[in-house]
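My entries follow in the order of the look-ups.

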Amino acid sequence: MILEYKNSTGNVLSLTDNQYFFLINVDGQTSANADISSVVIGGIDGDTANNVQAQPRSISLDLKIKSGVDVELAKREILKVVKLKKNGELIWTQNGKTVRISGIVESVDMPRWENGVMMQITMHCEQPFWEDIDYIVQEISEALSLHYFTDNPNDMLYFPEEGIPFGELDLVRTKSFFNDGDVAVGVEIEIIAYGTVTNPIIYAADGKYFGVGYGTGNKQVVMHQGDYIIVTTHKGAKTVKLNGVSVIDKVKPNSTWLQLEAGENSFSINSDEDFANVVFNMIYKQRYI
């Protein structure tokens, strides 16, 4: 296992391979809690949950200064990177997978008058889940290759004078996505027009949808070749932009800010006009306990 701390300016402190200290314990690295609000209804056993919310996570790092190392020097080297009240992130690599979690340095504690000097750093993580370092990008309309090589003479490609296509777009507008994380996550939906597209909309398998533009007149959205829409459904950062300009006032009524649920998901795309001219990309990071 490799664990590192990276501050907001990009400086990195190795926690598992450091010349000044040993990392002897981490509390909160693999634990999460939810706050459940409920109501009691007369005459019915138990209660009814009406709100479930994951709580912020605290992660505490216990560092033991190595024997023979100057304690004050070790402290200064650590505090060059770890700053009280400042944002940073822990980066955890294990079994070939790397994840991160962001937080604020909540406390730094360093008892001085004892054998084997210890130092404890605590981070408050508002978003309580580890997440992938890199984004996953999946396209709903995909390019299919029609070009191949073969050793079978009866299966050779022949090139007539008028030529043959080397690929084509898969126009099956329903695709499956598997969220291998532990919780639902927001996504960035990138809508790209290859031609004229009117009021693009994306549907989830449960019937929920998110549409940009509806009807006619000033609520209609017409995209032309090269236009793009970015829909961001992350909690606390929801936006809809057409070529970089907000069009949140043109979101189709009863739209849902779609989330990628844990497990298998299915999405379809459509529009009022020539839906073959539009491609959707789903961009997201999986999250883990």
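**Entry 1: a valine and its patch**

Does Val-39 count as buried, partly exposed or exposed? I found Val-39 at 37% relative accessibility, so it counts as partly exposed. I use buried for under 20% relative accessible area, exposed for over 50% and partly exposed for in between (1.4 Å probe, protein chains only). This is a predicted model, in which local features need pLDDT of at least 70 and side-chain atom pairs count only at pLDDT 80 or more, while totals for chains, interfaces and linings use all residues. Residues are numbered from 1 along each chain as its sequence is written, and side-chain values use heavy atoms, with hydrogens and water left out.

I placed Val-39 in strand β4 (residues 34-39). Helices (H or I, at least four residues) and strands (E, at least two) are DSSP runs, numbered from the N terminus. Together with Ile-41 and Ile-44, Val-39 makes a nonpolar surface patch of about 240 Å². Patches take residues with over 30% relative accessible area and no salt bridge; like charges are joined within 9 Å, nonpolar side chains (Val, Leu, Ile, Met, Phe, Trp, Tyr) within 5 Å.

**Entry 2: totals**

I counted one helix and 27 strands in the protein. Of its 289 residues, 37% are buried. Areas come from the Shrake-Rupley method with a 1.4 Å probe; for residues, only the protein chains shown count as cover. Among contacts (heavy atoms within 4.5 Å) with a separation of 6 or more, 69% are between residues 24 or more positions apart.

**Entry 3: salt bridges**

I took a salt bridge as a side-chain nitrogen of Lys or Arg within 4 Å of a carboxyl oxygen of Asp or Glu. The structure holds five of these salt bridges.

Lys-80 forms one with Glu-77, where the closest N and O atoms are 2.9 Å apart. Lys-80 is exposed at 51% relative accessible area, whereas Glu-77 is partly exposed at 23%.

Lys-97 pairs with Asp-132, and here the closest N and O atoms are 3.2 Å apart. I noted Asp-132 as buried at 6% relative accessibility and Lys-97 as partly exposed at 37%.

Arg-287 forms a salt bridge with Glu-131, with 3.3 Å between the closest N and O atoms. This pair links distant parts of the chain, since Arg-287 is in strand β27 (residues 287-288) and Glu-131 in strand β10, 156 residues apart. Glu-131 is buried at 11% relative accessible area; Arg-287 is partly exposed at 23%. Through shared partners, salt bridges join Glu-89, Arg-100, Glu-131 and Arg-287 into one network.

**Entry 4: rings**

How many aromatic pairs does a search of the whole structure find? I got four. Rings of Phe, Tyr and Trp (its six-membered ring) pair if their centres lie within 6.5 Å; planes under 30 degrees apart count as stacked, over 60 as edge-to-face and the rest as tilted. The ring centres of Trp-92 and Trp-130 are 5.1 Å apart and the planes stand at 70°, so I logged this pair as edge-to-face. Trp-92 is in strand β7 (residues 87-94) and Trp-130 in strand β10 (residues 130-132), so the pair ties together parts 38 residues apart in sequence. Both Trp-92 and Trp-130 are buried.

I also looked for charges over rings (NZ of Lys or CZ of Arg within 6 Å of the ring centre and within 35 degrees of the ring normal). Lys-66 lies over the face of Phe-22, 4.9 Å from the ring centre. Lys-285 lies over the face of Tyr-135, at 4.5 Å from the ring centre.

**Entry 5: positive phi**

Most residues other than glycine have a negative phi. Lys-85, not a glycine, has a positive phi of about 75°. I located Lys-85 in the loop between α1 (71-79) and β7, where it is exposed at 69% relative accessibility. Asn-243 is not a glycine either, and has a positive phi of about 50°. Asn-243 sits in the loop between β22 (239-242) and β23 (245-246) and is partly exposed at 34% relative accessible area.
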